[in-house]
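Here's a quick tour for anyone opening this structure for the first time. Have the sequence and the 3D view side by side as you read.

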Amino acid sequence: MAIAPTATPTVAAPVIPAAALAPPPPSGPPDGMLRNDQAPVDLTLTVAITSGAKRDKLQLLVDGVAVGAPVTIAAQGDQNVPIVWAAPRPERFMKLTARLTPYANPGNAYTSPEAPAAVDLHYAGSPDILPPPAGISEEVINGLTASWFSATRTQVEGLIGAYGGSDDMSYPAAGDVFIMFINGVEQTRSVTAAEASSQRRVVVAWTQAWLTAASIAAAPAKRLNLQYKILDRAGNLSPLSADFFITSFLAEDPGVLAPPTADEQENDGAIIDAEARLGVHVNIPANAKVLQGQYVAVVWNGKELGKVLVAATNTAFPITVSALDVFPPGGPGSGTFDITYRLYSNDQTTFLGESGPYQVIVNLDAGGGEPDPDPETPWNERLQKAIINGDSSAELDNVITDADKVTTTTGATVIVPWFNTDTPTAADAFKAGDIITIWLGNNATATVINVQPSDVSLKADLTAKVSPADLAAFALSPSVPLKYVVERKLTLPPGASNFATSPDQTVTVKSADALPGGGTLNPPKLTPVAFFDDVYGEWVIGINEITAGNGTDVVFEHYKNKAEGDIIEIRFSSRDDYDAPPSDPVVVGSDTAIPPYPVPLGEVNGSSTLHIPAANLLALNAAQYGGYGTGYVLFSITNAAGTTPGQPGNDQPVVRMAIDTRPG
């Protein structure tokens, strides 16, 4: 049997979760107002009790009436007991209490103190429209001017009285938030800080700054609509109040707007390609009637560009006309034309005026034609890629080898394709007098092509030699970008040039330094063998190595640049005479090879061994006279940079070996 506590139980007032409560009133005690979004939600309240006992019952009461089922106490002693206040709840002010009924003595219940609670689901003045402000003078209503304001009169004030509606919440209440609007645009929010007076009215205001900005935004219209909304503490937001229009003359005509200037035009009398790529800096002059919050748009060659916010009143500021606007896609960008700027109100749509013109001269004439299709890249997409051919090798286009770098009389030939542009008008890509410089990597070579009138007449591809010295200095493996830069001298501005750069051509550079062995390999060793003949410099393979069926291993010692995936290849053949050179005809049936051998990771830092089966050795011995003859091992190793053959002998790399199958 449960033992009842000896102390007298106490029950605290129910506590509503803080997250469910509206902000408290600015003054006076809390009233337990719930947020309006909590009205349809079940709430779990907390009731603190002392000396509770198992099976005691705790009941929630609203205005003294039990709501919901009682909660059975599950633990002994002091505790916080959760209890649910189920939705829906009535829209009114209420008192919450909790009653504890002991299990052992149900006739002796204990009731908590009261806790306030309130539910408000209607916006201020509901269901009516809030009234317009009252008490605004006829002078303001009929024609508000800047002279009406003074040091002591900086705002237009109005009175808000009874809202209408059908209950006692239809008057200004402490904690209501007044949201001021002009022409439907929110200006600020203010909270009534005191309890409503006996007159139940609130003074609201619209400042001179708001009204001035709103007048500019509304120009050329002159009507301003002064309205407000009320957001009560429960979160109920009213619609806009009834319209209240005044006539305003605060928006002033900006008058004559001075022309802009352009830094690049001022510098030397024209805007060239390099300047245009960085953007042209157009300067908007200071003007007391160009106000913070307005917008300015540059008009470039008849096209209005994007609007830019005015950050400060009566302050000069630059606007950068981007390369994409200076180089119009339809072209051409060159020409002499006027630029202006237009002033807009802070709604970005109301036009206030346009400046006088400023003349600019733009000269974008460059190799490949104009305008550059994408001036934000360092190259002109119209220009075709250059082609290079090494003069010392039979490699494909755009491949350079060591031979091209060391040959003193050749080097490489660069081809610059001749072509005609087709937009905006057909024209040659190059003109007489153009200077074309060949670049390897980030370096200008000594190779220059001076375009002649005869070149323009022929319209043939242009060629030039790149020296071995430039190749050795700049064509570094495994690849290097090749490009050319076209300089076109201009008459305006005098002494200036426009430059056009071709897209990069990727050139493969094959260097012996990167080849297996650095371009040179030591010959492999054969094992097992009968012996190595120092006199003849050959491996002697005896009958035992063949008849035993074990064959012979070819051992490649470690070589420079060895890497996983290198391919080792071996081929065998014999000749029909003793001491016959490799160039002699191969004995029919003796030419054989083993499969290519990829170097595994485990052999990168050591040697690699390939096996010659006995059958290959027998094939080598075919057609040899007297059981004694000569065979050759041809070998090579290939990596990503290319192939290195073995030691050269006569006309190809070989390892010579004598095969002696004579008995005894």
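A helix here is a DSSP run of at least four residues, and helices are numbered from the N terminus. Keep in mind that you're looking at a predicted model. The protein chain has 10 helices and 47 strands. Of its 664 residues, 44% count as buried.

**The chain as a whole**
- Take the contacts between residues at least 6 apart in sequence: 67% of them join residues at least 24 apart.

**A salt bridge inside a helix**
- How many salt bridges does the count come to? It comes to 16.
- One of them pairs the side chains of aspartate 273 and arginine 277, at 2.6 Å from N to O.
- Aspartate 273 and arginine 277 sit four residues apart in helix H4 (residues 273-278), so about one helical turn separates them.
- Is aspartate 273 buried or exposed? Aspartate 273 is buried, with a relative accessible area of 4%, while arginine 277 is partly exposed at 23%.

**Salt bridges across the sequence**
- Glutamate 304 and arginine 342 also meet through their side chains in a salt bridge, 2.7 Å from N to O.
- Glutamate 304 belongs to strand S19 (residues 303-309) and arginine 342 to strand S21 (residues 335-344), so this pair ties together parts 38 residues apart in sequence.
- Both ends are partly exposed: glutamate 304 has a relative accessible area of 26%, and arginine 342 has 23%.
- Lysine 459 and aspartate 428 make another salt bridge, with their closest N and O atoms 2.8 Å apart.
- This pair links distant parts of the chain, 31 residues apart: lysine 459 is in the loop between helix H7 (453-458) and strand S31 (462-466), and aspartate 428 is in strand S28 (residues 427-428).
- Lysine 459 is partly exposed, at 39% relative accessible area.

**Nonpolar cores**
- In soluble globular proteins, nonpolar side chains tend to be buried together.
- Which residues have the most contacts inside the largest nonpolar core? They are Trp300, Val326 and Val360, in a core of 30 residues.
- At least two residues of this core come from each of strand S17 (280-284), strand S18 (295-300), strand S20 (317-321), helix H5 (323-326), S21 and strand S23 (358-363).
- S21 supplies the largest share, four residues.
- Leaving aside residues up to four places away in sequence, tryptophan 300 touches a list of residues including Ile271, Val280, Leu305, Asp325, Phe337 and Val362.
- Another core lies apart from this one; it has 29 residues, among them Ala386, Val414, Phe430 and Val507.

**A three-stranded sheet**
- Three strands make an open sheet with antiparallel pairing, in the order S35-S38-S42.
- Strand S35 (525-527) and strand S42 (608-612) are at the edges with a single partner strand each, so one side of each has no neighbour in the sheet.
- From one strand to the next, the twist averages 25°.
- S35 pairs with strand S38 (residues 552-556) in the antiparallel sense over three bridges.
- Lysine 525 stands opposite valine 555 in S38.

Technical notes: Residues are numbered from 1 along each chain as its sequence is written. This is a predicted model: local features need pLDDT of at least 70, side-chain atom pairs count only at pLDDT 80 or more; totals for chains, interfaces and linings use all residues. Side-chain values use heavy atoms; hydrogens and water are left out. Two strands pair if DSSP finds at least two bridges between them. Axes are lines fitted to C-alpha atoms, for helices over the stretch in contact, and angles run from 0 to 180 degrees between N-to-C directions. A salt bridge is a side-chain nitrogen of Lys or Arg within 4 Å of a carboxyl oxygen of Asp or Glu. Buried means under 20% relative accessible area, exposed over 50%, partly exposed in between (1.4 Å probe, protein chains only). A nonpolar core is a set of buried Ala, Val, Leu, Ile, Met, Phe, Trp, Tyr and Cys residues joined through side-chain atoms within 4.5 Å. Contact means heavy atoms within 4.5 Å.
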